[in-house]
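Keep the structure open beside you and take each solution one step at a time.

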Amino acid sequence: MTGAVHVTGPARSLQRIAAVAANTLREARRNRVFYGMLAAAVLLLLFSVALSELALADQKARLVQDFGLFSISLLTVATAVLMGALLLHKELERKTLYAILPKPIRRSEFLVGKFAGLCALLGVQVGLLGACWWGVLVLRGGAMTPALALALGLQYVEVVLVTAVALFFSALTRPVLAGVLTAGVFVVGRVVYVLQDLLSAPKGGFAEVPVMRALGKVLVAVLPDLSTFNVADEVLLGWPVPTDYVVAALGYGLSWTVLFVALALVLFERRDLT
Amino acid sequence: MTTVFLELRNLQKVFRVGLLARKVTAVRDVSLSLRRGESMGFLGPNGSGKTTSIKCILGLIRPTAGSVKLFGRDPWDIEARAGVGYLPESPYFYDWLTPREVMNYAGDLFGLDRTTRRTRTGALLERLGLGHAADRPLRGFSKGMLQRLGIAQSLLNDPELVIYDEPLSGLDPIGRKEVLDLMAELRSQGKSLFFSSHVLTDIETLCDAVTILNQGKVVAAGRLDALLDRGALEVEALFELGAGGEAAARALLAVEGSVERERTGARLRLAVPHDAVDALLQAGLAAGAKLEQLLPRRDSLEELFVRKAVRVEARGESQDSQDAAAKGQP
Ligand SMILES: Nc1ncnc2c1ncn2[C@@H]1O[C@H](COP(=O)(O)OP(=O)(O)OP(=O)(O)O)[C@@H](O)[C@H]1O
Ligand SMILES: [Mg+2]
């Protein structure tokens, strides 16, 4: 008799997703890209300490705060883009997929597992770098405040969203293009709020030239507004970030993430794995 | 429970390649069925569509036309795949994992509990000669070792149907023997086997039936004994002509149905139908020729294969192959 009789049901499904996620994490732990990114971020943090020497006494902690948030964001997003774009490609290239997908696992479970594994990895990265940052802050006479932790947390939500975008493009196209497109979405997503302002302004190219207006509207519609997750300015100025806003930002991030993962699932489900 | 474990009906797969989406027909028309406990060899030359068909069977690719049923279900249904053990063509695994970790991962996907997983992993790795390498990363494993691991992981769920794509490729002679023995053991345990190969003689002993492909089409199918027509045996004899000389050769070739195969100096190799052996031996004795070798020869898979493949090529898209496919179902 067969040993694997119960393969259906949500518990089994979760078990498989967890297995894929755990395996993805294990792979990343043995991956040079991950350590490279970690090292680069730590270097940047140390650089911020050196830089702060040049700043005025009361600006030292500020500079480390600001620069720290920036470095962590930049390098986790870079990790997400690189590893996300390669996520499926590596499995296809090395043919490891052919031994996995014929097993009683759904493609959707596989993809969600891969995604979850990568998000967990990025969580670890943000956590480790956050701890380093904390140390540097203390060194410079500052402290990790709840507001700073919140700013970091929202950055993680952004990274998860970017990972979902990378997953989508990696299900759609080749890894280099997928990486470029994801980076593009990230950069444009960060400034798309400017576009919104331009569109609603009474004058200027975006408001007046029909083609540009149409293009601008499309961009605004299809791209997530990543500035939603950037509360660094408010936090650094000591302004409060309302709970409502945080909840809304979480919901916003989650919705876009679900959308991109769902699109990736649709693409991957149909694909011939040859 | 269905007794037909695997059924392909007029399977067809057309790939689109390149920017212009040029059509490449990998599988034209393949039908076959495999019942519980049966063992079938899936044969054909390079590029005949074996791997493509197998990928359709496991839901890795979708057929362009026709249907695949695995345990009576669609291969996309995970329950259909739960009872299958699959070995891909030249298998690869994550090279930063160890064989034991690969087995654990596979065990989790099969939903095995920890104890079952552990016991089976240990036993299978041992059985496939990977016991000593169980905790070494796969990076640097030889092709044959990966093949062995591929087989080990395919048996983790104690499958009822085993689907192997070229199980013997990449193995050394000892490895081939071990894998053949293992497959024979699976067969004797009542499991169904479906495996591809182009080494025909290897699998002769292992399968009840064969399906032979050429250029994406079934050119011969059915039970081996029926296909090979074992009734009409031929016997090959090698004589040392000795004192008899040319006269002896003439006498031997005069036996009814005798055909010269090879003549080197004073040695003559010839073939006669099975029922003419007595006459041949008598003729040899009378002419003073010395018998050196007597070999019964039967139609081998190779010959059958070459015959069928050549015939299809000669006739192009002939009706013949379809007849064979329809008639040959066991
Ligand atoms: N992804 C693909 N895109 C285009 N053509 C393909 C693809 N996969 C296979 N083919 C073509 O389909 C045909 C059948 O290939 P397949 O791998 O199924 O043959 P095979 O019988 O397994 O051969 P072998 O004995 O060499 O393993 C070949 O002509 C091959 O070039
Ligand atoms: Mg093949």
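Before we start, a definition: helices are DSSP runs of at least four residues and strands are runs of at least two, numbered from the N terminus. Also keep in mind that this is a predicted model.

**Exercise 1.** Describe the surroundings of ligand 1.

*Solution.* 
Step 1: Find the site. Ligand 1 sits between chains A and B.

Step 2: Look at the neighbours. There are 16 residues around ligand 1, and the closest include Gly47(B), Lys50(B) and Glu89(B). By class, the shell has five nonpolar, eight polar and three charged residues.

Step 3: Ask which element gives the largest share of the shell. That is H1(B), with three residues.

Step 4: Check the polar contacts, using a cut-off of 3.5 Å between N or O atoms. Thr51(B) has a polar side-chain atom 2.6 Å from an oxygen atom of ligand 1. For Asn46(B), a polar side-chain atom is 2.8 Å from an oxygen atom of the ligand. From chain A, the side chain of Thr274(A) places an N or O atom 3.0 Å from a nitrogen atom of ligand 1.

Step 5: Turn to the cover. On its own, ligand 1 has 630 Å² of accessible area, and the protein covers 69% of that.

**Exercise 2.** Describe the largest pocket and its lining.

*Solution.* 
Step 1: Start with the volume, which is about 360 Å³.

Step 2: List the lining. It has 13 residues, and among those nearest the pocket centre are His89(A), Thr173(A) and Arg271(A).

Step 3: Trace the lining to its elements. H3(A) gives the largest share, four residues, and helix H6 (146–172) of chain A supplies at least two.

Step 4: Sort by class: six nonpolar, four polar and three charged residues.

Methods: Residues are numbered from 1 along each chain as its sequence is written. Chains are lettered from A and ligands numbered from 1 in the order in which they are written. This is a predicted model: local features need pLDDT of at least 70, side-chain atom pairs count only at pLDDT 80 or more; totals for chains, interfaces and linings use all residues. Side-chain values use heavy atoms; hydrogens and water are left out. A residue is near a molecule or strand if one of its heavy atoms lies within 4 Å of it. A polar contact is a pair of N or O atoms within 3.5 Å; within protein, one must be able to donate a hydrogen and the other to accept it, and residues adjacent in sequence count only if both atoms are side-chain atoms. Accessible areas come from the Shrake-Rupley method with a 1.4 Å probe; for residues, only the protein chains shown count as cover. Ala, Val, Leu, Ile, Met, Phe, Trp, Tyr, Cys and Pro count as nonpolar, Asp, Glu, Lys and Arg as charged, and the others, Gly among them, as polar. On a 1 Å grid over the protein atoms alone, a cavity is a set of points where a 1.4 Å probe fits but cannot get out, and a pocket is an open set with protein on both sides within 12 Å along at least five of seven lines; lining residues have an atom within 4 Å of a point. Grid points are joined across faces, edges and corners, and a volume is the space filled by probe spheres set on the points.
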